[in-house]
Amino acid sequence: MNNQHYNLRVLREGLISTIQDNGFTKLQHIGITTGGAIDDFSYKLGNIILSNKLNTPSIEFAKLGPKLLVEQGSLNIAITGRVNFLLKLNGDYIKGTTNRSYFLNKDDEIDVQSTENSNYGYIAIKNGILTSSFEGSYSTLIPSQIGGNNGKKISINQLIKGISSFNYLNNKISKINYETDKFVRVTKGPQMHFFKIKDIKKFFNEEFEISTNINRIGIRLSNNIVKPLKSHNIDSEGIIKGSVQIPGDGNPIILASDHPTIGGYPKIATVIMTDFVKLIQMPPRTKFFFKEITIQEAERLLVDYQETLNNIRKLLIKA
Amino acid sequence: MFKSFSQISEQAYLIDYGNTIDIETNNRVINHFKYLQNLNYKYILNVVPSFNKLLIQFNPTYKKNILKLLREIKSTKYNFLNTVKKHNIEICYDEEYALDFKEIEKNSKLNFDSFIKLHLQTEFHVFMIGFLPGLPFLGKMKINSSIPRRLSPRLQVPSGSVGIVNNLCVIYPNDSPGGWNIIGKTKKKLFNFNKKNYSSISPGDQVQFMKISKNNFLTK
């Protein structure tokens, strides 16, 4: 038997499970978007818990996660996000706890049952996953069919492989505070001047609702229609994650990780990176307000965010 | 040379070269794009040219360096377009592939043969690559009437389809949803994952279409 590698058999694929890391750079000009883990915080947290490099590929799932059986080898995992899951360890089922490591052996199982009041979660694995890559990233980019798992979502019966862990890790993070306020902070978008003052006010003063239409490409909003003054189209230009674009019907779409590389809708605002993490986890029907801040504040918050990650690393408890 | 630039996020600048879709403006965008590509700085994460804008994504730790670079290129003229690549692309306009030739006739007020003639006469400029990996945006045809997008986009445009909106033209590199009016099909491979030069066509290149018969097309 070759126990140098772990093999996970996919017993249930879940709603949409993919392999993700930090995503792609320097390819957007040929039509390949940035991709990568949609919730940067939960993704990195998993790797911090396992003392992995921060860009180690993990399994990202949405709502209903995968069910995986260890067919060979042994591995340390950590599940992050707000997630309900069961583990089968030595034949016994236990309810799992997020933000701590578990050591799995042959015949053990991971059963990710649901995200709780959120959309996405991660299974981080010590030593990561052995899979296909493209230009240095293992992220699966489904619209372009490139990257991890040959550019495809994880599917039932397939194997997920990697290098076995032999040391039992017992790492955990004591407490993570998730922000639950009702504000999503934005900076001015490149076409804010396409909108009437009255509509810009409406954009900030009235509540939006997250629709049921959430995926890795974008988040559709409802409940507050804001229509651009001039045309519904601009000359197509390069677009970025977090951009709030307004199509003809006036219901905003916030671009997420797998957005197209260029787009022709006017963009009223850009969600700051630190709040994108909060926004992407808001389940359908969540109500919230946009709040405008300056670029300087956004930059400062991004520095704070990186500091928070560093501090969490210091708080890691290794038993 | 550009008009202005604005910071649109903690990690992106959008440079503005004007508000028209023309080759002269786009060439200024592409010159700066090629200049920045050649520098290949690690802290520049993406440089994305489009008709009249250039998007730069960067590592925010290096914002000062980017600002310095933007000031430097603002007033400098570069010339990276002396050696423009020309691509001859074979196209079959047979009705089996020209899914929207009737809409083209209706909107362009030309019969399809005259439209084809105009399409073949046009020396297309590659404005940008995007939307899908390797998808080129080409222009401009000498056509004055407006040819709008299809009211409801097709859920699946066949790979290799050549589409028209107004005086612009695209080629779909693979099966994909799309709203452009389809006038024919090519077997040219636009994107190759196994080669270092993934996209066979680059912004600033030229494209000339060459008509081939259905028989020829089928034996390719």
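In this predicted model, the C-alpha centres of domain 1 and domain 2 of chain B lie 28 Å apart. The domain assignment places domain 1 of chain B at residues 4–74 and domain 2 of chain B at residues 86–219. Nine residues of domain 1 of chain B and six residues of domain 2 of chain B take part in the contact between them. On the domain 1 side of this contact in chain B, helix α1 (residues 23–39) supplies the largest share, with five residues. That side is made up of six nonpolar and three polar residues, with no charged residues.

The secondary structure of chain B comprises five helices and 13 strands. Along the principal axes, the C-alpha atoms of chain B occupy a box of roughly 55 × 40 × 35 Å. The radius of gyration of chain B is 19 Å, which agrees with the value near 17 Å that a compact globule of 220 residues would have. Of the 220 residues in chain B, 42% are buried. Among contacts in chain B with a separation of 6 or more, 61% join residues 24 or more positions apart.

Chain A also comes with a domain assignment, which gives domain 1 (5–171) and domain 2 (183–308). The centres of these two domains of chain A, taken over C-alpha atoms, are separated by 28 Å. Here the contact draws 18 residues from domain 1 of chain A and 14 residues from domain 2 of chain A. The side of domain 1 of chain A that touches domain 2 of chain A contains six nonpolar, 10 polar and two charged residues.

Conventions. Residues numbered from 1 in each chain as written. Chains lettered and ligands numbered in written order. Predicted model: local features only at pLDDT ≥ 70, side-chain atom pairs only at ≥ 80, totals over all residues. Domains from an automatic or database assignment. Contact = placed C-beta atoms within 7 Å. Helix = DSSP H or I, 4+ residues; strand = E, 2+ residues; numbered from the N terminus. Nonpolar A, V, L, I, M, F, W, Y, C, P; charged D, E, K, R; others polar. Rg over C-alpha atoms; globule rule 2.2 N^0.38 Å. Buried ≥ 20, exposed ≤ 12 C-beta atoms within 10 Å, placed from the backbone.
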